[in-house]
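Open the model in your viewer and keep the selection panel handy. The tour goes strand by strand, then to a cavity.

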Amino acid sequence: MTSFDTSPQSNVWRALLALAVVFVMLATTGWTASRHQRHPAPLQASLAAWEKGRIAGHRLPDPDAGPARLTRFFASLTGEQRTYLAHRYPLAVGNMNGAPVELRYRANRIALGEARDVELDRVHDSRLTASGQRLAARRLDRLEALMHPGRRVLAFDPSGSGRVAEVFGDLPGAERVSVVVPGADTDLLTFQRTDRRYSAPVGMAKSLYAAERAADPEARTAVIAWADYTAPSGLGMDAAMAMRAEDGAQRLDAMVRGLPGKAPVSLFCHSYGSVVCGIAARSLPERVADIAVAGSPGMRVEKASELRTGARVWAMRDADDWIQDVPYLELGGLGHGADPVAAGFGARVLSAREAKGHAGYFVPGTDSVRNFAEIGVGAYRAVSCAHGDDACRAGLSGTTPIGRA
């Protein structure tokens, strides 16, 4: 077989060789150093204490009992009892899917305060190296920012590199809910950025929320910046495999099932976050109406139909996005499957005009964030397709925003 051989077999071999070369390069350039996640002691300690606790003489329910069971439990309590539990077990309650949203906000503010005090001590701990003290100072800054008045933290775990989820808008009163699922290198320190603001979960969610309000000022929407899974670090083996995504998919499914009300949910999944959404798709509840991916390395399937979801599947990729140069294959657990914007995949392919590079999909003024917003408010007829046609709107001519004619 020569380098000019264009037979189907040679094309497959070239693709496999390209995949191997990519991962060899990653392995030999220091990008594959996997991050050892420390045991999440603070959250586990709070959950262990919860499991031994009582309220009004009765044992507390299993924290893994499921959102419906936990919702009924909290509904049976007085306001004073709920407040007591939030103060006694802040991390447990703050991360408990099924607990009232406002109670979770309150519990997480307490948990953030406790974590802040830990980092404040570490900043001045002479036993730490200078770099250790600087890291503590950075974490302290992030924690204090999350405690600013008006911020609604839905989930928080200070362990390891940290996990966070934050709500923009009135989640209990929303008639449409959007969830931003970010990709690699997402943790407590990168949850919000001043530089490259719209490449971080907070910036993404704020931009989407503003775009949704512009798309339909009457719509009651809420957007969740969901960084409540352990994302891969860098472009290493963790990012090339599905282990992190499998855990993230379980956490995403649990979060969605614990959301209040019955409002439709749209998922907006960026980069490795689309792997998370692809794995979660088949188990997500029916209220998930849309799964939209941007800059995706694949969704662990060859066709959209293999996701086994009733949700509409959307995809977009900017022409400048480097992700298009990653081989769209899955071989021996490496790689994430077919290209979601490819014609044969079966997704509704959207325009990403004006988005710049891999991290530019949520920048205000881009076709990408405008399209996401139209999906988020249910205005499917208003989206713009990738090729200037109406292919991505096929079969949606009768769709209107929820609650409006």
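Begin with strand E8 (residues 288-294) and strand E9 (residues 312-316), which pair in the parallel sense over five bridges. Strands here are DSSP runs of E, at least two residues, and helices runs of H or I, at least four, numbered from the N terminus. Two strands pair if DSSP finds at least two bridges between them. Select Ala-292: Trp-314 in E9 stands opposite.

This is a predicted model, where local features need pLDDT of at least 70, side-chain atom pairs count only at pLDDT 80 or more, and totals for chains, interfaces and linings use all residues. Residues are numbered from 1 along each chain as its sequence is written, and side-chain values use heavy atoms, with hydrogens and water left out.

Now show the whole open sheet: eight strands, mixed pairing, in the order E3-E4-E6-E5-E7-E8-E9-E10. Strand E3 (152-157) and strand E10 (348-349) are at the edges with a single partner strand each, so one side of each lacks a neighbour in the sheet.

Move to E3 and E4. They run antiparallel, joined by five bridges. Asp-157 has Arg-163 in E4 as its bridge partner. Seven of the seven residues of strand E4 (residues 163-169) are buried, so E4 is largely enclosed by the rest of the structure. Buried means under 20% relative accessible area (1.4 Å probe, protein chains only). On to strand E6 (residues 221-227), which runs antiparallel to E4 over six bridges. There, Ile-224 stands opposite Val-167.

Last stop: which residues line the largest cavity? Select Asn-97, Val-101, Arg-104, Leu-154, Leu-171, Met-255, Gly-258, Leu-259 and Pro-260. A cavity is a set of points on a 1 Å grid over the protein atoms alone where a 1.4 Å probe fits but cannot get out; lining residues have an atom within 4 Å of a point.

Terms used. On a 1 Å grid over the protein atoms alone, a cavity is a set of points where a 1.4 Å probe fits but cannot get out, and a pocket is an open set with protein on both sides within 12 Å along at least five of seven lines; lining residues have an atom within 4 Å of a point. Buried means under 20% relative accessible area, exposed over 50%, partly exposed in between (1.4 Å probe, protein chains only).
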